[in-house]
Amino acid sequence: MSATLTPSDIGSADQRPIGMFARIAAYRPTLSVETLALLASLFFSIFGNTVFWREVIATGDLHGATGLLSGASLFVLVTALQTILFCLLLYRPIAKPVLILLLLISASAIHFMSRYTIYLNEEMIRNVLHTDANESSELLTVSLLYALILYGVLPALLVWRVDLKKRTWLRAIAVRLGCLFAAVCVAIGSALLSFQDLSALMRTHHELRHLITPGNYIVALTQTAADSHKRMQPRTPVGVDAKVAARPSGSKPRVLVLVVGETLRAQNWGLNGYARQTTPQLARIAPINFTDVTACGTSTEVSLPCMFSVYGRANYDKDRIAGSESLMHVLDHAGIRTEWRDNQSGCKGVCAGLPFVLFQRAKGDRACPGESCLDGVMLDDLAARITAEPGDLVIVLHQLGNHGPSYYKRYPPRLRQFTPTCDSDDLGDCSREQITNSFDNAVLYTDEFVARTIALLSKQSSHDAALIYISDHGESLGEGGLYLHGMPYAIAPETQTKVPMVMWFAPGLTAARGIDSECLREVAKRPASHDHLFHSVLGLMQVRTQVYKPKLDLFAACVSAGSAR
């Protein structure tokens, strides 16, 4: 027996789901700001800190019944601390816009932390803030869009639908203080419940705090803002007594080209014995290759100011380094002309107040086929610049080098020798083999670039010439689940801290300076670091100043007595 539907029945059936969706769309929950703060904290603890929980579990400290208790205590502690943070940040008139902004920023942070296992400390935040438009565009991937929608846009829509309770200002203050007091008590109680285990965990793995979102980037932004004020102060002079030692009559002036590489690690440097020959042109030139060189930091923001500083890593103090003049200023005090040529995001204060040339994409330039220029553009008019300078000259070429994640954009198509390559801005789309192949192809281009610079210096006859190549930091290519760079220095792998360094000298400079090349090749077998750069350049250019330290001059032991400082 069949049933018969009347038109009214059909209409009511169609209207039921429509009415349900309408009611859902019209639903606007009413919450207090304190309840919203607690819910937001729970959201971040569960969905926004998956990388934090993954790394905590990876420490092995949460095994067994005691470990489970410690894990539960840590979850409550993190949630309580975040509730305190939100209670301090969210006030009724601005609560929803502020929370929505935090959700959108956090969605990006969650994506990059989970994709590349990066730590959002102050150094990383400075990297982000100082990234130029070209570098930023390479990070805008489809996977980032998914993360923004899932962790940012959708929660933000829910927040926007919330109606916040109105209170008198006296009651609002009383409730807020009560909420803060309760959250503090919960935080203290949860910490005391597993105090020994939690204190041991955070003491041994203190870098984990940089994975707790959104507190990590909020704290880092606050510290960066405070540092920015300090960096606006006048720089402390360094080496104002600097003078170039007298030379015999008729001596040629000297030119040193200092090539500062970007993101090139020692492990993939052909001259260091890498399984692949990624430095074929330099191998034919046979420069002096240093096989064990340690960087000042794991990011350009740290390494660049550090390697040009008199303080270096041994006496590292970021505020003192940022507030002091650099090697470039000491050379300028000595009367040596300097010029900083940049194909990246600037000299990070190293060349402040000194000649600076930024190379940007020029229409039709073969070295600038895409959004950014290949490093060869910095060699345009370099020979003419050297010839036009009558005195000593130090020129820095700051490469774009192997800057990730878009390694495939760092070399011309003719150097696509190692295949298959990762031709995507999102490393998550590629295998380890593809990523390494693209990285190694970019190393081939740096090899060619440095070799071309040496050839240019060999052809000019106006100056005795030298070249030093050294990378600012290394790169992780998926080892241990790590990608890119910027890990906290204390836990950074050698892939991010070990870098290549080579030196080349024209015969005229070797003779004039009295450098024993074979002696220097022996020195190159010993450990060296960025800390040697400052004093070695002063020694090579025969600059006399009280800040010079012979023990850190790589040339000091290999210069003949007659040519000593």
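A residue is termed buried when its relative accessible area is under 20%, exposed when over 50%, and partly exposed in between (1.4 Å probe, protein chains only). The structure is a predicted model, in which local features need pLDDT of at least 70 and side-chain atom pairs count only at pLDDT 80 or more, whereas totals for chains, interfaces and linings use all residues. Residues are numbered from 1 along each chain as its sequence is written, and side-chain values use heavy atoms, with hydrogens and water left out.

The protein contains 21 helices and 14 strands; helices (H or I, at least four residues) and strands (E, at least two) are DSSP runs numbered from the N terminus. The C-alpha trace spans about 110 × 60 × 45 Å along its principal axes. Of the 565 residues, 53% count as buried. The accessible surface, computed by the Shrake-Rupley method with a 1.4 Å probe, amounts to about 25200 Å², and carbon and sulfur atoms account for 62% of it. With contact defined as heavy atoms within 4.5 Å, 77% of the contacts between residues at least 6 apart in sequence join residues at least 24 apart. Lys and Arg were counted as positive and Asp and Glu as negative, leaving out His and the chain ends, and each charge was placed at NZ of Lys, CZ of Arg, CG of Asp or CD of Glu. On this basis, the mean positions of the 52 positive and 49 negative charges are 4 Å apart.

Aromatic pairs were assigned to rings of Phe, Tyr and Trp (its six-membered ring) with centres within 6.5 Å; planes under 30 degrees apart count as stacked, over 60 as edge-to-face and the rest as tilted. The structure holds 11 such pairs. The pair of F308 and W340 is tilted, because the ring centres are 5.4 Å apart and the planes stand at 55 degrees. This pair links distant parts of the chain, 32 residues apart: F308 lies in the loop between α13 (300–307) and α14 (318–322), and W340 in strand β6 (residues 337–342). F308 is buried, with a relative accessible area of 0%, and W340 is likewise buried at 0%.

A second pair, F505 with F555, is edge-to-face, with 5.7 Å from centre to centre and 75 degrees between the planes. F505 belongs to strand β12 (residues 498–505) and F555 to the segment after β14 (543–544), so the pair ties together parts 50 residues apart in sequence. F505 is buried with a relative accessible area of 11%, and F555 is buried with 2%. Elsewhere, ring pairs join F43, F44, F47 and F86 into a cluster.

V350 lies in the loop between β6 and β7 and is buried, with a relative accessible area of 3%. The C-alpha atoms of V350 and P305 are 5.8 Å apart, although 45 residues separate the two in sequence.

Charges over aromatic rings were also examined, the criterion being NZ of Lys or CZ of Arg within 6 Å of the ring centre and within 35 degrees of the ring normal. R176 lies over the face of Y91, at 5.0 Å from the ring centre. The charged end of R276 sits over the ring of F418, 4.4 Å from its centre.

As to backbone geometry, most residues other than glycine have a negative phi, and most peptide bonds are trans. The peptide bond from G404 to P405 is cis, with omega near 5 degrees, and P405 is found in the loop between β8 (393–398) and α17 (432–459). A cis peptide bond also joins T419 and P420, where omega is about 0 degrees; P420 lies in the loop between β8 and α17. Positive phi values near 55 degrees are found at K348 and at Q542. K348 is placed in the loop between β6 and β7 (356–358). Helix α21 is mostly covered, with 10 of its 10 residues buried; among them are D531, H532, F534 and H535.
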